[in-house]
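Please examine the sequence and the three-dimensional model together.

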Amino acid sequence: VEADVSRRTVFNYFDTKADVVLGPVPELSEARLAVFVDGGPTANLLDDVMVLASDIVAEQPSDQETIAASRAAVLGDSRLLALVHERFEDLSTTFVEHVRAREGVDFPTARARLIGRLVATFFDAALERFEADPDLPFADHLAAVVADARLIVT
């Protein structure tokens with residue numbers, strides 16, 4: 001209404017409310033997913049998941065102002081937070097399917113979902129670091145968070 005566009009017109013361009021508010025769901029190329037499912041690019045599951053995550057990061061806005069505003073909007077609005085959670089659950093289902101295709105159907109679904117949640121936690125921690133130090137690219141903050149996590153568990 002504020003944009004003087006009808007709901008019908010909006011949904012000619014967007015599939016869901018989440019897409020209107022959050023933008024389109026990031027997509028990975030079929031080639032990248034095929035490499036992942038085949039056990040690559042590094043043969044280490046977490047490293048390979050982070051390669052996929054880095055591909056997604058590379059396609060997103062990278063300026064501190066946009067990222068900080070988006071994060072504040074989501075954290076400050078329970079409806080937006082619910083939309084983000086809904087999207088995360090949808091992506092998680094797809095992610096689990098790809099991990100199980102790679103690791104085999106005996107790979108526990110709970111473990112695949114845990115990897116997805118860890119990646120989400122890494123993203124959130126990297127966002128906090130990026131807000132505090134916007135001179136360092138977000139991808140570098142993400143890599144540092146993963147490195148810190150490795151230090152904790154080893």
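Two residues are said to be in contact when heavy atoms of theirs lie within 4.5 Å. On this basis, among the contacts in the protein with a separation of 6 or more, 57% join residues 24 or more positions apart.

The model is a predicted one. The protein has an average pLDDT of 84, and 89% of its residues score at least 70. Of its elements, helix α3 (residues 30-37) has the highest mean pLDDT, 94, whereas helix α2 (residues 17-22) has the lowest, 68.

As for secondary structure, the protein contains eight helices and zero strands. Read from the N terminus, the order of elements is therefore α-α-α-α-α-α-α-α.

The surface and the interior may be considered next. The protein exposes about 10100 Å², and carbon and sulfur atoms supply 57% of that area. Buried residues account for 27% of the 154 residues. In soluble globular proteins, nonpolar side chains tend to be buried together.

The largest nonpolar core here comprises 25 residues. The members that touch the most other members are Leu45, Val49, Met50, Val99, Phe122, Phe138 and Leu142. Two or more residues of this core come from each of α3, α4 (45-58), α6 (78-103), α7 (109-132) and α8 (138-153). The largest share, seven residues, is given by α7.

Leu142 illustrates how such contacts are arranged. Apart from its neighbours within four places in sequence, Leu142 is in contact with Met50, Val57, Phe122, Phe123 and Ala126.

Key
Residues are numbered from 1 along each chain as its sequence is written. This is a predicted model: local features need pLDDT of at least 70, side-chain atom pairs count only at pLDDT 80 or more; totals for chains, interfaces and linings use all residues. Side-chain values use heavy atoms; hydrogens and water are left out. pLDDT is the predictor's confidence in each residue, from 0 to 100. Helices (H or I, at least four residues) and strands (E, at least two) are DSSP runs, numbered from the N terminus. Buried means under 20% relative accessible area, exposed over 50%, partly exposed in between (1.4 Å probe, protein chains only). Accessible areas come from the Shrake-Rupley method with a 1.4 Å probe; for residues, only the protein chains shown count as cover. A nonpolar core is a set of buried Ala, Val, Leu, Ile, Met, Phe, Trp, Tyr and Cys residues joined through side-chain atoms within 4.5 Å.
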